[in-house]
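Q: Could you walk me through how to read the features of this model, giving the general idea before each case?

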Protein chains: 2
Amino acid sequence: MLSAAKTKNISIVLYKPKYAGNVGSIARAAKNMGINNVTVVGNADFDREEMQQRSTHLAADVLDSIQYLVSLEEALGGFNYVVGTTARLGKARGPFIAPRAAARDIADISQKNKVALLFGPEDTGLANEELRLCHAVVTIPTSREFTSLNLSHAVMILCYEIFIASSAATTSAAATPKLALSSELEGMYGQIKTLLADIEFLNPENPDYWMMHLRRFFARSGLLSREVKIIRGICRQLEWSVHHKKP
Amino acid sequence: MLSAAKTKNISIVLYKPKYAGNVGSIARAAKNMGINNVTVVGNADFDREEMQQRSTHLAADVLDSIQYLVSLEEALGGFNYVVGTTARLGKARGPFIAPRAAARDIADISQKNKVALLFGPEDTGLANEELRLCHAVVTIPTSREFTSLNLSHAVMILCYEIFIASSAATTSAAATPKLALSSELEGMYGQIKTLLADIEFLNPENPDYWMMHLRRFFARSGLLSREVKIIRGICRQLEWSVHHKKP
């Protein structure tokens, strides 16, 4: 069975959930699967009794320790790896991975890194705005006839897959090394964007178009802290060179 | 994706469920995973509105077609294969199988047989009396600290595993997208190296030191052909900008 140590680095981050009942159900589902950290962003107005009715008193400790925060950037800043979830398969949003494949990565990465599982509001899910902040995006497969999952069911499926993957004997000796923090990555993206704007590579009317492509493969590569530093060093020197004519 | 034909032989059978909300949640979860048949045994006293609040109107058709029966024997009589579920690992109850293994069997068996997934009441689960009627008994793995799953979460996990197992044969062709050729990558590395030499980022005595670091994470990310083109476009424009003073 799974030891606490294996999942202590994993947190559920709920972005603007609407219903107390769902938050309660999620606390229960998370604890069932050995995850005790829940953060709620952008809404703190939940009826405690309604939450606990669904969490049951056995997961009341998870409710008590929920962190309520205002901004998503603040909530994600301290994580090394952020996994978003979406039901939508719009073209701009990929690449999508299945829960099982994501769970294997998460079980591995979470050995040495803080991992956030990010879920959007019940009605709309995560927007592109929030998905941009994710290293990977999971889509839970469903019947085509009815694709909209209850929020706590989506959380349960992902937590269950992570629990199974973490319990598997295959916890490889070569765990993923320490990844860069979200805040480090965002700093790097900001610097790259400035540089590409300076050399007029980006279309001023839609500067995020190319940035989205860049984010996508940087996210895939799982950048280490020291690699972010190398890239930022290169950007600094490029900035300097662009503004100072070659001798 | 799963065709309706594959799951039409699978039914959820709820034995003495207590709460309308759970029945509603189960209708939704089942339909999400392509299962539209729900039978409720030993309790028919549920508030329709409460059920539908949780099923949403999109699974109202599943609620409408619920069969309410009095005896479990009657309910199970028409099935070829009955899978029970239990959280308890009492000695008398085995052998237990994991949801994943059960799902593979169920996906196979249900091609030509009617299969019931049997769940007990929220508080006590199935008793030995009912488990006796089952061909196989599934136990969903959980953290040892909190083993009691919400009924609809238990249903979701089993339905999800069956959905994945049933889809497996048809979706295994979901292939990795086209990666860049080695020749494309080497062209890109050459161009990056020239640029970094031009801006004096590389040590002329050991130019490959930083290149090695860059190669490492580019290799990890599994660059696509079109991404290589984007990066080479950026390098070209950077080269140009470095050699032409900013106005």
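Predicted model: local features only at pLDDT ≥ 70, side-chain atom pairs only at ≥ 80, totals over all residues.

Q: How many residues does the contact take from chain B and from chain A?

A: Two residues are in contact if their C-beta atoms, placed from the backbone, lie within 7 Å. Here the contact takes 47 residues from chain B and 47 residues from chain A. On the side of chain B that touches chain A, the largest share, 8 residues, comes from H11(B), where helices are DSSP runs of H or I with at least four residues and strands are runs of E with at least two, numbered from the N terminus.

Q: Which residues of H10(A) are buried?

A: A residue is buried if 20 or more other C-beta atoms, placed from the backbone, lie within 10 Å of its own. In H10(A) the buried residues are A:Phe217, A:Phe218 and A:Ala219, and their cover includes strand E7 (136-138) of chain A together with H10 and H11 of chain B.

Q: How far does helix H10 of chain A reach?

A: The expected span is 1.5 Å times one less than the number of residues. Helix H10 (residues 208-221) of chain A has 14 residues and reaches 20 Å from its first C-alpha to its last, close to the 20 Å expected. Just after H10(A), A:Gly222 takes a positive phi of about 60°.

Notes:
Residues numbered from 1 in each chain as written. Chains lettered and ligands numbered in written order. Buried ≥ 20, exposed ≤ 12 C-beta atoms within 10 Å, placed from the backbone.
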